[in-house]
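Please walk me through this structure, one part after another, in plain terms.

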Amino acid sequence: MSFLPAPLEPIRPALLTRVAPVTRLVVGIAWLGVAVVAAGPAVPMVLAVAGVGSLVLLSGLPLQRVPGRLAPLGLAALGLGLLTVLVNPANGDPAARVAMAAGPLRVTETALWAGATIALRLAVIALVSLLAFATSDPTRLADSLVQQWRVPYRFAYGTLAALRIVPLLAADWTAIGTVRRLRGIEPRGVLGRVGAFGRRLMVLLVSAVRRAERMALAMDARGFDGDQPRGVFRPVSLGWLDAAVLAAGLAIAMAALAVGMR
Amino acid sequence: MAARPRAAPGRRAGGLSELTPTVADHLGDAPFGIAGTSGTPPSILARDFGWTYRGRTRPALAGLSFDVPPGHVLLVIGPSGSGKSTLARALAGLVPHELPGSWCGFLRVGDLDVAATPARVVSGRTGIVFQEPESQLVMPRVEDEVAFGLENRGWGRLAMKARVPEALELVGLAGFETRATAALSGGEQQRLAIADVLAPMPGLLVLDEPTANLDPPGMDGVFERLTGIASARARTLVIIEHRLDAALPLADLVLLLDAGGRQLAFGPPGEVCRAHAEELARLGSWVPRAWQAWTAGEPPVLKPEPAQPPAARAVLVADSVTVRYPTAAEGGDRVALAAVSLVLNAGERVALVGPNGSGKSTLLFALGGLRRPSSGTVRVAERGGPPDRDPARLPGRSLAHVLGLVFQNPELGFVESTCAGEVAASLPVLGRPADASDPDVVRALRDFGLEALAGEDPFRLSEGEQRRLGIAAASVIGPSILLVDEPTFALDRRGAEAVVAQLDRLRTGGQAQLLATHDPRLIPACDRVVALDRGRAIFDGTAAEFLAHPPFRPAGPWRG
């Protein structure tokens, strides 16, 4: 029984699924840095367009499921953008140029630009995280982090093991609630509800610790705690494709900056 | 290295003559080459070996002295809490190196003194398989999972590429390389766990109740593979197992432990069984059929109350219940239950059986109103009325009167910090204060053999005790319908009998019971059996009919 949404993963091979995860990470970090640091909406605008383009052409992700996945962040971007536009100190500045006015509402151009910048930055963050992480399975990401960036393997593969427990915990959480309902245990009042929530969380924690302990013991029994050099079953190599994607990605970031400078 | 299919189940069903220590010798050629191990398998030598976990006063194990020659199969038997798992952990070097406590005596695996050798070295020689497949599989994909242990031990890539399919073939999972581990059945997952530990070619293979969480087909698959591995004689095997019918034929030697973790007997199976039948009965261990001939003991069937003619008053009616789960990528869905219809009458006990993933839990959820069917209806009777209420729409307290559901993992339902409080937490449903000294609470604790634990924290109980506590808490309300997921799981014979006796008492009061179970002992104690397979009800009839013609396999362990 699955209580978590199915992961969004590539359904066909594509350019981005073929490059090493760390390559995508480097490009992603560069884009994020540029989008967040640069003033004005032009830079994140260019990156968002490039991001949507890569998503459609290069990611191999099932596009019909992308809007659903991006909806929460998209709404957040819109909401924050609107908020920035409407509640902005610049709107009270009599010297600023007015873009729109309706009754008591006065929106200055400065506020409009600030709102657009915020919204577009969030859009870039959402797109980049999708492009960098959803285009390969977590195993390959861990492999790449360990092999290319020398991330300690205990951390990388330990996280992978923990990820396997997450859906089990989600099922536990639902089960705890339903058992209580069936036992007729109904907390009264706000304090009662808060207390019940706390106890429910406690039971989940006990369950999580048990599962983690058993998993850790099983992993140690299979030599995970060893200090000898580890073998590599799935080598992740960097090739000319990675160089090309890196170059193109950084070029797009520079181009965006150049557009923003004008 | 071709793994030929073997007629292993026939062997288990075989007669006494096959239960001798040399049984594996005359079964013909070994199915797997010696290539599966590194050199000679190790012997095991224990001299007055004992272990006490830090913070406990009572030792988990004490005074073990035994020898297992290379390539032999040791079966470890004992009641719950007898330190069986501790012995398994010691053989893998996890005790004393990964778990704190104090060691005494001497334990040697091959030429390694376990106490004086780093865990990494011991675990390099020993492969250990635990009970729960879901908490020992690490990687999302099957071949990565098998390679995980090899990577840890620094194998080269080409050697791994060659060994992974070999290990999968050993457990009958050839061709599963790119499957998702989470999508495998319980039996497949446990066989994968065995492949994981076989891959680095350990000389010693330790299995700690490897089939405890499996359905009969899954359990069969595991034992079939173990039979092959044991008869190859290329590894020393230590098997800890409750289901002796399946495990005993494999054993060359038996180690019997008592509830205090002390060695009660050690020797060839026939000898131990003959000499210790009474102790075994007193321990409350489950005595398998194969032993009866030796011991002339009581037939090991849970004695049901003589089934009353079920009053034909329906308290639950499920009509064409279909449940679909949405699944991943394509936005499609999976049918978990396909048009299942079911009637439960007052005073009737029905067993719900079927392989893992056949929809048993989903059906319990749907009947309990916890999962709304995609189509079809569930109706329950309230206060002796006609079955016309939708359980999903009943308010909490009314629902608790009508329906009780005990989950497979009772821990998830616990709300209080003492056992007595836990049972008392059910009382407000009856309009009474949650008083731990209420006579009903005291009686329920006594009925389920928990009176000595009344002040204990429910989370510190053993799994079997937790199960009894879960049913005890539900029994206080006395709902007219009781749904239980695996009521006898993790219970030894005495615990299982206590639970069945209490279920009998509740049924006499007119309660309808639906028990989802893998336990063949429970079938004769039920009035009716409903069998599910891949979401469809493939059988609905009396227990006698079911046992005469089990719908799953002709000679399966359902005949127990």
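In this predicted model, the centres of domain 1 of chain B and domain 2 of chain B lie 33 Å apart, taken over C-alpha atoms. The domain assignment of chain B builds domain 1 from three stretches, 8–16, 39–131 and 204–292. Domain 2 of chain B is put together from 340–417 and 462–559.

Chain A is also divided into domains. Domain 1 of chain A covers 15–136 and 239–261, and domain 2 of chain A covers 151–221. Taken over C-alpha atoms, the centres of these two domains of chain A are separated by 36 Å.

The secondary structure of chain A consists of nine helices and two strands. Read from the N terminus, the order of its elements is α-α-α-α-β-β-α-α-α-α-α. Along the principal axes, the C-alpha atoms of chain A fill a box of roughly 70 × 60 × 35 Å. The radius of gyration of chain A is 24 Å, whereas a compact globule of 262 residues would have one near 18 Å. Of the 262 residues in chain A, 35% are buried. Among the contacts in chain A with a separation of 6 or more, 79% join residues 24 or more positions apart.

Phe155(A) sits in helix α7 of chain A, which runs over residues 153–182. Is Phe155(A) buried or exposed? Phe155(A) has 12 C-beta neighbours inside 10 Å, so it counts as exposed, the limit for that class being 12 or fewer. Phe155(A) and Ile11(A) are 144 residues apart along the chain, and 28 Å lie between their C-alpha atoms.

The next topic is where the two chains meet. Chain A brings 50 residues to the contact and chain B brings 56 residues. On the side of chain B that touches chain A, the elements that give two or more residues are α4 (119–125), α5 (142–152), α6 (157–170), α7 (186–198), α13 (396–402) and β16 (403–406) of chain B. Of these, α5(B) provides the largest share, seven residues. Sorted by class, this side of chain B holds 30 nonpolar, 14 polar and 12 charged residues.

How many residues of α5(B) are buried? The count is 11 of the 11 residues, so α5(B) is largely enclosed by the rest of the structure. Charged residues are included in this buried set: Glu143(B), Asp144(B), Glu145(B) and Glu151(B) are among its members. Val142(B), Val146(B), Phe148(B) and Leu150(B) also belong to the buried residues of α5(B). The cover over the buried residues of α5(B) includes parts of both chains, namely α6 (138–149) of chain A and, from chain B, α6 and α7. Just after α5(B), Gly154(B) has a positive phi of about 75 degrees.

Helix α8 of chain B has 17 residues (residues 216–232) and, at 1.5 Å a residue, should span 24 Å; the C-alpha atoms at its ends are 24 Å apart, so the two values agree. Most of α8(B) is covered, with 15 of its 17 residues buried.

Leaving out residues up to four places away in sequence, Leu91(B) touches Ile44(B), Val109(B), Thr126(B), Leu204(B), Val206(B) and Val238(B).

The last stop is Phe539(B), placed in strand β20 of chain B (residues 536–542). Phe539(B) has 18 C-beta neighbours inside 10 Å and therefore counts as partly exposed, since a buried residue needs 20 or more. Apart from neighbours within four places in sequence, Phe539(B) is in contact with Val529(B), Val530(B), Ala531(B), Phe546(B) and Pro551(B). One of these, Val529(B), is 10 residues from Phe539(B) in sequence and 7.4 Å from it in space, C-alpha to C-alpha.

Methods: Residues numbered from 1 in each chain as written. Chains lettered and ligands numbered in written order. Predicted model: local features only at pLDDT ≥ 70, side-chain atom pairs only at ≥ 80, totals over all residues. Contact = placed C-beta atoms within 7 Å. Helix = DSSP H or I, 4+ residues; strand = E, 2+ residues; numbered from the N terminus. Domains from an automatic or database assignment. Expected span 1.5 Å × (residues − 1). Rg over C-alpha atoms; globule rule 2.2 N^0.38 Å.
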